[in-house]
Amino acid sequence: MAIRFSIFVFSVVVVAAAALVQSSKAETHEVGDDMEWTVPQNGAVAYQNWAARQTFRTGDVLEFEFTTGQHDVAKVNKAAYDACNSTSPIEHRTTGPANFTLSTAGEHYFICTVDQHCSLGQKLAVNVSTVRAEIEYTVGDSLGWTVPDGGAATYQNWAANKTFMVGDSLKFNFTTGSHNVAEVTKANFDSCNGTNAIDTETDGPADFDLDTVGEHYFICTVGNHCSLGQKLAVNVTARSSTTPATPATPSSPSPSGSATPASPSPSGSASPSPSGSTSPNSPNSAPSVAVAGLSATLLFVAAAALLY
């Protein structure tokens with residue numbers, strides 16, 4: 001009896017721990033699900049309704065499934081989204097499927113720039129919460145890891161609008177034998193010197209974990225690929241233990257005797273939320289709920305074990 005109960009206890013702990021780990025992982029959202037990315041029959045409300053059923057967190061990925069040549073995806077600002085204006089997009093993908101990593105909190109806007117597709121409802125707005133999962137970045141996105149036509153500026157521009165944190169990783173997609181990846185010092189990065197590399201991967205695709213704060217430098221040591229622009233520098237910041245919600249408003253905090261209820265911030269601070277109102281079942285509370293659930297489960301199991 002004691003052995004069977006011990007096995008049961010172990011199983012419960014493993015399942016609960018696995019659920020907790022899963023709650024912190026980034027999620028890939030297939031835009032529109034079965035509808036995919038197309039001109040919807042009932043207009044823009046189709047993608048509004050789809051987004052309303054999702055919870056988007058920083059680190060999640062939007063996957064737009066469409067036929068190349070029939071549709072595209074442009075990430076735009078709110079004004080361009082409202083006006084279906086495709087000039088000066090933030091990012092523009094013409095090959096399907098197209099993936100966009102939601103690396104920052106707040107509103108993100110996407111439209112199709114083909115013909116009148118946007119005005120017919122092929123547009124999507126999503127609100128991303130500030131919970132930050134670990135992200136695997138595909139270097140260069142669809143370009144992959146190669147000698148870029150635009151020189152070193154290509155990978156500089158790719159890295160410029162991303163936030164790299166400890167725990168994130170880089171995936172370099174390349175053909176084995178045609179390229180490689182070497183993590184090097186800054187001096188060797190600047191001079192395209194592949195000797196005494198910190199780490200070198202010759203088989204593609206290659207993954208590098210960003211496990212320390214600071215600058216990380218990568219080059220291709222094949223031929224003169226590095227001098228032609230096949231090099232990447234990323235700045236890695238510490239993963240904050242608390243994630244602020246929306247920025248504080250300029251108004252002064254309410255008096256300590258105020259009767260207005262306020263939910264504690266993720267850090268455990270007693271300050272009221274910027275809106276001054278409680279928001280039940282916020283997406284940001286999901287990891288905390290998972291932790292509380294796991295703790296309760298473990299306490300129950302421990303108490304049951306003592307009884308036996």
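User: What is the relative accessibility of cysteine 84, and how does that residue count?
Analyst: Heads up: this is a predicted model, where local features need pLDDT of at least 70 and side-chain atom pairs 80 or more, while totals for chains, interfaces and linings use all residues. Residues are numbered from 1 along each chain as its sequence is written, and side-chain values use heavy atoms, with hydrogens and water left out. Buried means under 20% relative accessible area, exposed over 50%, and partly exposed in between (1.4 Å probe, protein chains only). Cysteine 84 sits at 26%, so the label is partly exposed.

User: Which cysteine is joined to cysteine 84 by a disulfide?
Analyst: A disulfide is a pair of cysteine sulfur atoms within 2.5 Å. Here the S to S distance is 2.1 Å, and the partner of cysteine 84 is cysteine 118.

User: Why does that link tie together separate parts of the chain, and how many residues apart are they?
Analyst: Helices (H or I, at least four residues) and strands (E, at least two) are DSSP runs, numbered from the N terminus. Cysteine 84 is in the loop between helix H3 and strand E5, and cysteine 118 in the loop between strands E7 and E8. So the parts tied together are separated in sequence by 34 residues.

User: What does cysteine 192 bond to?
Analyst: Cysteine 192 is partly exposed, at 26%. Its disulfide, with S to S 2.1 Å, goes to cysteine 226.

User: How far is cysteine 112 from the nearest cysteine sulfur?
Analyst: Cysteine 112 is buried, with a relative accessible area of 1%. It's in no disulfide, and the nearest cysteine sulfur, on cysteine 118, lies at 8.1 Å.
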